[in-house]
Each structure stands twice: as C-alpha cells, then as structure tokens.
There are 2 protein chains.
Amino acid sequence: MPDLRPPPGESTPKRDHLIATAFRLFYRDGYRAVGIDTILAEAKLAKMTLYHHFASKEDLIVAVLEQRSALVNAKVQAILSEAGPSPRKRLLAYFARYEAFFSSKEFNGCPFIRAVAEYPEVHSPVHQAVIRHKQKDIATLRELVSGFGIAEPSPVAQQIALLIEGALVSAHTFGNPSVLAHARDAALALVKASR
Amino acid sequence: MPDLRPPPGESTPKRDHLIATAFRLFYRDGYRAVGIDTILAEAKLAKMTLYHHFASKEDLIVAVLEQRSALVNAKVQAILSEAGPSPRKRLLAYFARYEAFFSSKEFNGCPFIRAVAEYPEVHSPVHQAVIRHKQKDIATLRELVSGFGIAEPSPVAQQIALLIEGALVSAHTFGNPSVLAHARDAALALVKASR
DNA sequence: GCGCTATTAGACCGATCTGTCTAATCTTGA
DNA sequence: TCAAGATTAGACAGATCGGTCTAATAGCGC
C-alpha cells in the first residue's frame with residue numbers, strides 16, 4: 001500500500017521511458033511549454049506512474065538533465081579515447097562531435113542553456129543541475145588543453161568553452177550550424193597563440 | 001466606437017509603460033512564466049489597454065524585444081562615438097559596456113538568447129525579432145574589427161561574436177561576471193593573430 | 001495460489017492562462 | 001460643448017496547468 005518513491009536515479013524501464021519522452025518534448029518545445037499531460041500521453045503512461053517516480057515536474061526536469069549530462073559525457077569520453085594521444089587530433093575530434101550534433105535535424109540549441117533561460121534563478125534545482133553539467137564540460141576542456149603542454153591551460157580552456165557556448169547559441173538563433181567552424185578556427189588560434 | 005489599434009511601433013505613454021514593465025518582468029522571470037495579468041497589475045493598467053496596443057502577448061513580446069534592441073544599439077553607438085578613433089580603444093570600450101551590464105544587480109543573462117530558448121522555432125515572430133537584433137550586433141562588431149585594418153574582418157567579427165554570446169550565457173549560468181575578461185582577452189588575441 | 005507493489009484510467013481540485021466583452025468613465029480636440 | 005476615442009474595472013469564457021485521489025488491475029516473487 002505505501003507506494004513509496006524508489007531511490008532517485010535508480011534506472012527502471014518506465015522511469016527511463018518517461019525521461020526519454022520528456023527530454024524529446026522539452027527539447028523540442030521548451031520546459032514550461034510542455035505540460036505533464038502531454039508527456040504522459042506521448043509516453044502512454046498514467047499520471048500516477050510519473051508521480052511514483054518523481055516528486056514533481058521540476059524533479060523530472062532535473063532527472064532529464066542529469067541523464068542527458070551522463071549520456072553526453074560518456075559519448076565525449078568515448079570519442080576522446082578513440083582519438084588517440086595527439087592533442088590536436090583530440091581537440092578536432094571534440095569539435096567534430098559538435099559538428100554532428102549541430103547538423104542533426106533534431107538540433108534545437110543546447111538543452112542546458114535553454115533550461116537556464118527558463119529557470120534563471122541560480123538557486124533553482126534545474127539551474128543547479130545545469131551548473132554541474134557545465135562544470136564537467138569545462139573540466140574536460142581543461143584536460144584537453146593541458147595536453148598541448150600550455151603553462152596555464154585554465155584560461156585557454158575557459159576561452160574555448162565560451163566559443164562553444166556561443167556557437168551553440170548562435171547556431172540555434174540563426175538556424176545555421178556553420179558558426180561552429182568559426183569556433184573551431186578560433187580555438188586553434190588561441191591554443192597556438194598561448195604556446 | 002471602433003477602438004482600432006494604433007499603428008505598431010508608435011510611441012505613446014501607456015504603450016511605453018507597458019513595454020517597460022513587461023520587459024522588467026519577462027527578463028526577471030521568463031517570457032512564458034510571466035502572465036499578462038501580472039504585467040497589468042504591476043503596470044496598474046487595464047487589460048483592454050494592453051489589447052488596444054497589442055494584438056496578443058506574443059505581439060507584446062516582439063515589441064519588448066524591438067524596443068530593447070533599439071535601446072541597446074543607441075547605447076553602443078553612443079559609447080563607440082565617444083571612444084574616439086583608436087580601434088583598440090573602441091573594442092575595449094565595447095567590452096567595458098558589457099562589463100557594466102554583467103555586474104549590474106539586475107543582470108539575468110541575455111534577454112534575446114533567453115527569448116530564443118523559449119521560442120525555439122525559427123519561424124516564430126519572437127525568434128525572428130531576436131535574429132534581427134543579433135544581426136545588427138554582428139554588423140557593429142564587423143565595423144569595429146575592420147578598424148584594425150584586417151584583410152578579412154568578417155571571420156574575426158564572427159569569432160568575437162561567439163565569445164560574447166558565450167560570455168553572456170556563461171555569466172548567467174554560473175552567476176559570475178568574470179568570464180567576460182576571458183572573452184576580452186581572447187578577442188584581443190584573435191585580432192592580434194589575424195594581422 | 002497468495003500477496004505485495006507497480007501501474008492503470010480517469011475523475012477531480014484549485015489555480016492560472018490568454019483573450020473577449022460590457023458598460024461606465026476619462027480625456028481631448030474641433 | 002460635445003462627440004470620438006482611450007481607458008477603466010471586472011466579469012466571463014474555455015482551456016490548460018500541476019498535482020491528488022480512488023479503485024481496479026497487472027505483474028511478479030514467494
């Protein structure tokens with residue numbers, strides 16, 4: 001009878017399906033624009049199933065972002081590990097992944113940046129989930145940059161992070177994935193200039 | 001009796017007050033998160049006054065963005081004209097303006113980027129208004145960069161535009177205005193590298 | 001087979017949403 | 001002075017929102 005909520009983050013088929021469906025709709029239309037009824041209709045699940053796995057819509061959004069973050073990080077690490085040891089090749093592989101993302105027909109900007117736009121307060125759990133993800137992003141970039149043997153990799157990693165954030169936003173705004181090439185060129189120039 | 005809508009864009013006191021109030025609330029909480037009833041209560045205006053001046057909430061949002069775009073452009077042009085002819089000083093003045101913006105207590109990211117996040121479809125009138133604004137932004141940057149006598153100013157202007165977009169997003173995400181310094185340093189490095 | 005839990009469909013709640021309508025009032029220029 | 005347009009307050013509509021609740025059912029370990 002208790003119908004207690006299972007421990008958060010534990011993967012179950014229904015929960016995963018809910019998260020996947022929610023992400024697709026949130027990413028296409030926006031977090032506030034999509035109601036839970038729409039998600040449930042699309043996922044063909046009952047309302048109580050959602051509230052069995054998640055405390056609230058906001059809680060679902062956080063879970064969506066965390067799952068997405070894990071997925072993205074795993075993909076990036078896989079790509080980097082098969083890119084070999086050359087720092088230049090690794091950086092280019094990193095950019096090549098974004099190129100594929102930008103050119104996919106589902107591309108609709110960065111789901112994390114859009115979440116911050118809709119939950120602007122820094123203390124919001126949604127905003128905090130984005131911060132956690134973007135911090136990992138920067139850590140990866142710092143590791144990438146330090147491969148070049150630069151004395152202080154952090155500032156350069158920060159700069160490249162800005163270029164990528166800008167490219168994500170700009171590609172979405174203009175509906176044009178080609179801006180990523182500018183980000184890549186600038187990143188290579190910055191690495192070269194700091195050696 | 002007809003109560004026809006006045007020509008769009010024509011400035012009247014009530015209309016201006018409505019736009020100013022709407023911008024403040026939209027920028028603080030988000031476009032979908034703020035209802036028209038909230039705006040009207042804050043502006044102390046009646047509902048029919050809003051629908052006398054604007055066809056819909058979306059129409060109001062477009063007007064808000066257009067007014068903001070005009071305001072920002074005027075401010076930038078004023079700052080550039082008092083910065084004198086030195087291209088380096090002009091670029092630094094341009095960045096200094098962002099620094100003031102980032103550090104203001106009202107700073108909550110870029111209202112245009114946040115509008116695109118909430119109206120992701122490129123054909124949406126809101127999205128289109130953002131595109132118009134960002135195109136002017138890039139034109140200003142191109143003019144700024146061409147002052148350095150670079151052979152092809154466009155790519156460099158594009159790269160700096162990405163850095164600024166990234167800084168806007170990143171400062172909001174992390175609640176930390178200091179990222180702008182990284183953008184400025186990278187911009188200077190890119191200009192230097194392309195000469 | 002039994003019993004526990006997850007899941008189901010859907011009614012229901014109170015709040016909120018955008019937008020329309022009315023009817024009275026204020027403002028202002030001819 | 002008077003008529004036309006602008007503005008008012010607020011009721012109202014119809015839809016949707018997130019979330020709760022019930023009662024029946026489905027699935028599964030023992």
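Mentor: Start with the make-up of the surface near DNA strand C: by class it has 9 nonpolar, 6 polar and 6 charged residues. Keep in mind that this is a predicted model. In number, 21 residues surround DNA strand C. The closest are Lys14(A), Met48(A), Thr49(A), Gly35(B) and Ser56(B). That list holds residues of chain A and of chain B. Go by element next. Two or more residues each come from α3 of chain A, and from α2 (36-43) and α3 of chain B. The largest share belongs to α3(A), with 4 residues.

Now turn to the other strand. Around DNA strand D there are 21 residues. Those that come nearest are Gly35(A), Ser56(A), Lys57(A), Met48(B) and Thr49(B). On this surface, α2 (36-43) and α3 (47-53) of chain A each supply at least two residues, as does α3 (47-53) of chain B. Here α3(B) gives the largest share, 4 residues. By class, the surface near DNA strand D splits into 9 nonpolar, 6 polar and 6 charged residues.

Look next at the loop that joins two of these helices. Lys44(A) sits between α2 and α3 of chain A. Its phi is positive, about 55°, yet Lys44(A) is not a glycine. Is Lys44(A) buried or exposed? Lys44(A) counts as exposed because 8 other C-beta atoms lie within 10 Å, and exposed means 12 or fewer. Chain B has its own Lys44. Lys44(B) lies in the loop between α2 and α3 of chain B. Lys44(B) too has a positive phi of about 55° without being a glycine. With 8 C-beta neighbours inside 10 Å, Lys44(B) is exposed.

Step back to chain A as a whole. Chain A has 9 helices and 0 strands. From the N terminus on, its order is simply α-α-α-α-α-α-α-α-α. Its C-alpha atoms fill a box of roughly 65 × 35 × 30 Å along the principal axes. Of its 195 residues, 36% are buried. Take the contacts in chain A between residues at least 6 apart in sequence: 58% of them join residues at least 24 apart.

Two helix pairs show how chain A is packed. On the α1(A) side, the contact uses Ile19(A), Ala22(A), Phe23(A) and Phe26(A). Facing them on α4(A) are Leu60(A), Ile61(A), Ala63(A), Val64(A), Gln67(A) and Arg68(A). By class, this contact has 8 nonpolar, 1 polar and 1 charged residues.

The second pair is α7 (residues 125-146) with α8 (residues 153-174) of chain A. These axes come within 8 Å and cross at roughly 125°. That angle makes α7(A) oblique to α8(A). The crossing is right-handed. From α7(A) come Asp137(A), Ile138(A), Leu141(A), Arg142(A), Val145(A) and Ser146(A). They meet Pro153(A), Ser154(A), Val156(A), Ala157(A), Gln158(A), Ile160(A) and Ala161(A) in α8(A). The contact has 8 nonpolar, 3 polar and 2 charged residues.

Go on to where the chains touch. There, 36 residues of chain B are in contact with 36 residues of chain A. On the chain B side, α6 (111-118), α7 (125-146), α8 (153-174) and α9 (179-193) each give two or more residues. The largest share is that of α8(B), 13 residues. This side of chain B divides into 20 nonpolar, 11 polar and 5 charged residues.

Finish with α6(B). It is largely enclosed by the rest of the structure, because 8 of its 8 residues are buried. They are Pro111(B), Phe112(B), Ile113(B), Arg114(B), Ala115(B), Val116(B), Ala117(B) and Glu118(B). What do they pack against? In chain A, the partners are α6 (111-118) and α8. In chain B, the partners are α1 (13-29), α4 (57-81), α7 and α8.

Technical notes. Residues are numbered from 1 along each chain as its sequence is written. Chains are lettered from A and ligands numbered from 1 in the order in which they are written. This is a predicted model: local features need pLDDT of at least 70, side-chain atom pairs count only at pLDDT 80 or more; totals for chains, interfaces and linings use all residues. Axes are lines fitted to C-alpha atoms, for helices over the stretch in contact, and angles run from 0 to 180 degrees between N-to-C directions. Angles under 35 degrees count as roughly parallel, over 145 as roughly antiparallel, 65 to 115 as roughly perpendicular and the rest as oblique. A crossing is left-handed if the near helix is turned anticlockwise from the far one by less than a right angle, and right-handed if clockwise. Two residues are in contact if their C-beta atoms, placed from the backbone, lie within 7 Å. Ala, Val, Leu, Ile, Met, Phe, Trp, Tyr, Cys and Pro count as nonpolar, Asp, Glu, Lys and Arg as charged, and the others, Gly among them, as polar. A residue is near a molecule or strand if its C-beta atom, placed from the backbone, lies within 6 Å of it. A residue is buried if 20 or more other C-beta atoms lie within 10 Å of its own, exposed if 12 or fewer, and partly exposed in between; C-beta atoms are placed from the backbone.
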